[in-house]
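The sequence and the structure follow.

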Amino acid sequence: MTAAEASIASAGAVQFLGKETAYWRLRIKGAALLMLTLGLYRFWFATDVRRFLWSHTEIAGDTLEYTGLATELLVGFLFAVAILVPLYTGFAIGALELSPRAPVSVAAAILLVAALGEFALYRARRYRLTRTVFRGVQFDQHGAAWRYAVYALVWWCTVIVTLGLAYPWAQASLQRFKMGHTCYGDLAGSFEGKGVTLFLRGLPIWLVVVGPVLIAFFALGALIDWNALNAAVTQGDQATLVFIEASPGFRRAVGIAFLCVAIAAFAAVLLYPLFQAVSLRWWISGLRFGEVAVTSHLKTGQIYRVYLRFVLYILLLMLLTAAAGAVCLLAVSELVGPRYDSKLAELLATIITIGLYVVIALGASTVHQVVVTFSLWRLGVQSAELTGAEALNSVRAAGLPSSALGEGLADALGVGGI
C-alpha cells in the first residue's frame, strides 16, 4: 500500500482501542463502590465509564474526549428530584381521590411522566454531546426538548396502536429530528436512514413474533361463545366450571392461545439479537455530518455471540452465587445454630440472603454492561467506515455547554444511559 492509499484508509478508519479486561476492572470497582456508598458513587462511576469509552474511540486517527464532571451530574440529579418529588406527590394524591375523575388524572399522570422521560432523554443527549470533544471542537444539539417529547409521545402511541408496524417510521422520524438538530462545530448533522428500509428488514421478525399472538386472539374470539361465558360467570364459580367442562371450543381456544404465546415468546428471545443487529446497522449507516457519511459492516453473527456469551456468564454468576450462599448458610447453621441462638442464626441468614441478592443484582448489571453494552459499543465502532472524512479537517468551533438537568431527570426517571 502506498503512502497516499494509507492516508486515505486512515482518514476513513474508525476503531476502538479499549481492552475488555480494563473495562472489567472499571466496572467491578464501580459496582463495589456503589454498594459501599449506597448508590451515591454512580455520578462518578458514569463519568469514569464515559471517559473510558470516549477516550478509546478513535476516528480518523484521533480519539474522542469526554469533558463532563461528576459534580454536574450530581447537581442535575438534585434539581430533578426537587422537580419530581412535588409532582409525584400530586400524582399520588390524585390517584387516591375517590371520584369519577381519578382514572382520568391517573392517565394524565402516566402521559406526563412519559413525556418527561422523552424530554429528559433529549436533554441528556444534549448534555453528553456538549461534553464530547473531537480535535478540540465540541459537538452540540439544539432544538426544543418539549417539542421532541410531544413528537416522540405521538409516535410511540402510533407504534402501540399498530402493534409495532409503525416502529421503523417512528425511529426514522425521531432520528431525523435528533440528527437534524445535532452538529459538530459548524458541521451540521442529518440522518438518511429510511423507515421503509428498516420495515422491510424487520417485517419477517414481526411476522414470526407478533403473528402467533394475533392467531391466539383470533382463536379466542372464534372458538369461545363469549355470551355464554359471561352468563356463566355472572351465575358463579360453579356455573363457570360447568361451562368450561362442557365447552370443547373453550379448551381448544385456550390451548391454541397458550401454544401461540409460547411460540411468540421463544421467537422473541431467539430473534432479538437479529433485530438489534438490523437496527444498529441501519442506524449507524444513516448518520451524516455534512459530507461525512458513515457505513456499518456489522455482522449478525457477532451480535448473537455477544448474547450467547452473556447467557453463559449469567449462568456462571448464578451458579457461583448459589454455591457461595449455600456455604455461608451452612456455616451459620453449624456455628450459630438452634442449639446456641436461633434468633441470631435467623438474623445472620437474613443478612446473607440480602447480601446475595445485592451481589446478584450488581453482578448481573456488571456482566450486562461489560459483555453486552461494551461489546455492542466496540462492535458498532469497529464496524463503521467513514467517507468524506476530509471535511472534519476544516470544522470551526460553535455551540456552548448545556446544563445537566436532562441527565438528572433521566437518572431520576430511570431512563438514563451511557
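## Terms and basis

Contact is taken as heavy atoms within 4.5 Å. The model is predicted, with local features requiring pLDDT of at least 70 and side-chain atom pairs pLDDT 80 or more, while totals for chains, interfaces and linings use all residues. Residues are numbered from 1 along each chain as its sequence is written, and side-chain values use heavy atoms, without hydrogens and water.

Helices (H or I, at least four residues) and strands (E, at least two) are DSSP runs, numbered from the N terminus. Angles run from 0 to 180 degrees between N-to-C directions, with axes fitted to C-alpha atoms, for helices over the stretch in contact.

## The sheet

Ten strands form an open sheet with antiparallel pairing, in the order β1-β2-β3-β4-β5-β6-β7-β8-β9-β10; strands pair when DSSP finds at least two bridges between them. Because β1 (14-16) and β10 (384-387) each have a single partner strand, one side of each lacks a neighbour in the sheet.

Strands β6 (residues 182-184) and β7 (residues 187-191) are joined by two antiparallel bridges; Cys183 has Ala188 in β7 as its bridge partner.

## Helices across the sheet

Helix α3 (residues 42-55) lies across β1, β2 (57-59), β3 (62-66) and β4 (132-134), at about 165° to β3. Helix α7 lies across β5 (137-141), β6, β7 and β8 (287-289), at about 180° to β7.

In α7, 10 of 14 residues are buried, meaning under 20% relative accessible area with a 1.4 Å probe, protein chains only. Among them are Leu174 and Phe177.

Key: Buried < 20%, exposed > 50% of the residue type's maximum accessible area, 1.4 Å probe, protein only.
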